Amino acid sequence: MAKVLVIGSGAREHAVCVAFLKSSQVTAVYCAPGNPGMQRDGINCVNIAMLAFANLAQFAKTQAIHLTFVGSEEPLAAGIVDYFQTHQLTIFGPHKAAAQLESSKKFAKQFMQQQQIPTANYRAFNDEAQALSYAQDRSLPLVVKENGLAGGKGVTIVRASADLAAVIHEGLQHATEILIEDYLSGEEFSLMLLVGGTQMVLLPLSQDHKKLCAGDEGPNTGGMGAYSPLPQMTSTVYQQALAQIVQPTMAGLVAKKLTFAGVIYIGCVVTAEGPKVIEYNLRLGDPETQVILPQLRSDFYQLIMALIAGRTPQIEWQKSETYLGVVVAAPGYPHKPQVGLMLPPLPQNGYYANVTAKDGQLYNAGGRIFTLVVHGKNLASAQEKAYHQLEQLKLAKFYYRKDIGFRGLRTAQSLLGK
């Protein structure tokens, strides 16, 4: 029987831990550092920081951990997989060299160019004046990205030329280099793979809602909700994405000797010319994970171990329902979230993120607090169920979007002639 260690502390890691606990082969799941909300589900939180590699490795050895699964991007970018493998510990995630596809947006762009993977045109800059000169000669809107890990928030869409100087200046205050990209207009979707060398498992498609406010307005966030599968995604576009994006991505990893056992997240957009890549992540998405993993009907632990061994895994997904998750956040998020607010008890379909505990009571400790996930016979029923449940909770002090799934619903209604 197996013990599993998950690295991270958010709602994504909570969902990963729950998926492992469903395995008949798993006797215990630990999460480092985890959060107090996870304990309700029998998850053992371990007070070790994500970047304390020596302490994490020692814990894995002492507890005879069979598998470590890395949820968060920071330890991957810092080389936790290389460290664990040096110490003969089984771990699921990309090594530091492959993790550059997320930790360096410039590296990812160069990779896509070399593999002829469709993406936006770009230039990289570390000089403010040169960046502004280039941007002023391009058509708006433009996208300014900080070249590094930014928790999903280091991206700004600039629609007015008067805003260019300030956005470029701010970007270079946060990062040593920025990318200026052409804006890709279209329907976005998340395409995630679990890989083991050349073996791969495609996860159900999902759509995140990055903007803070309804109708995709307001500042970027780490994600305010997601749903899966996508009624608006045609088989033609899906096959295009596999042929033009997934296959050359896998081929590029082989060609550059960057293969690994872990996750590839491809943020895509359906443009007039077909699907194109916005970004790579080398870990599961949050909040997409919370609506995807509950759809798995086969054994998650066996799936991961098969990929690590380079074997073709046995896998089964549900086919009949839609899963939808709404992220509840603190007032003031994403800029200055209020903390210390008392949380109401959550139903079992809630996955906790930034929470702390005192005297048995949970309080929020950051911006995104939990994801409530429901499923229904279609997207409309799932959305109705989610907001009905949220209305039953005492959330007057908190914030959540009221339109998660709106793009898919709009497509579904147009197909019905409404």
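Helices (H or I, at least four residues) and strands (E, at least two) are DSSP runs, numbered from the N terminus.

A word on the source: this is a predicted model, so I took local features only at pLDDT of at least 70 and side-chain atom pairs only at pLDDT 80 or more, while totals for chains, interfaces and linings use all residues. Residues are numbered from 1 along each chain as its sequence is written, and side-chain values use heavy atoms, with hydrogens and water left out.

**Entry 1: helix H7**

I began with helix H7, residues 128–136, and found Ala-131, Tyr-134 and Ala-135 buried. They lie on the same side of H7, because they cover an arc of only 95° around the axis; the arc is that of the directions from the helix axis to the C-beta atoms. On the other side of H7, I noted Ala-129 and Gln-136 as exposed.

What covers the buried residues of H7? I listed strand E6 (122–125), strand E7 (142–146), helix H8 (164–174) and strand E9 (178–182) among the covering elements. I also checked the start of H7, where a side-chain oxygen of Asp-127 comes within 3.1 Å of the backbone nitrogen of Ala-129. For such polar contacts I use a pair of N or O atoms within 3.5 Å; within protein, one must be able to donate a hydrogen and the other to accept it, and residues adjacent in sequence count only if both atoms are side-chain atoms.

**Entry 2: cis peptide bonds and a positive phi**

A reminder to myself: most residues other than glycine have a negative phi, and most peptide bonds are trans. The peptide bond from Leu-140 to Pro-141 is cis, with omega near 0°, and Pro-141 sits in the loop between H7 and E7. I found the bond from Asp-286 to Pro-287 to be cis as well, with omega near 25°. Pro-287 belongs to the loop between strand E17 (274–281) and helix H10 (288–292).

Ala-64 has a positive phi, near 55°, although it is not a glycine. I located Ala-64 in the loop between helix H2 (53–62) and strand E4 (67–70), and its relative accessibility of 45% makes it partly exposed.

Next I looked at strand E20 (residues 355–358), which runs antiparallel to E21 and is joined to it by four bridges. I count two strands as paired if DSSP finds at least two bridges between them. Lys-358 stands opposite Gln-361 in E21.

In a regular strand the side chains alternate between the two faces of the sheet. In strand E21 (residues 361–364), I put Leu-362 and Asn-364 on the covered face, with Gln-361 and Tyr-363 on the uncovered one. This hairpin has two residues between its strands, and Asp-359 takes a positive phi near 55° there. Is Asp-359 buried or exposed? Its relative accessibility is 77%, so it counts as exposed.

**Entry 3: strand E10**

Strand E10 (residues 187–196) is largely enclosed by the rest of the structure, because nine of its ten residues are buried. I found ten bridges joining E10 to strand E16 (residues 261–271), the two running antiparallel, and Leu-194 stands opposite Val-263 in E16. E10 also pairs with strand E11 (residues 199–202), antiparallel over four bridges, and there Val-195 stands opposite Met-200. The hairpin of E10 and E11 has two residues between the strands, and Gly-197 in this hairpin has a positive phi near 65°.

**Entry 4: domains 1 and 4**

I found eleven residues of domain 1 in contact with twelve residues of domain 4, where contact means heavy atoms within 4.5 Å.

How much area do domain 1 and domain 4 bury between them? I noted about 830 Å², 56% of it on carbon and sulfur atoms. Buried area here is the accessible area (1.4 Å probe) that two parts lose on being put together, summed over both. Ala-11, Pro-36 and Arg-40 supply 54% of what domain 1 buries against domain 4, more than any other three residues.

Note on methods. Buried < 20%, exposed > 50% of the residue type's maximum accessible area, 1.4 Å probe, protein only.
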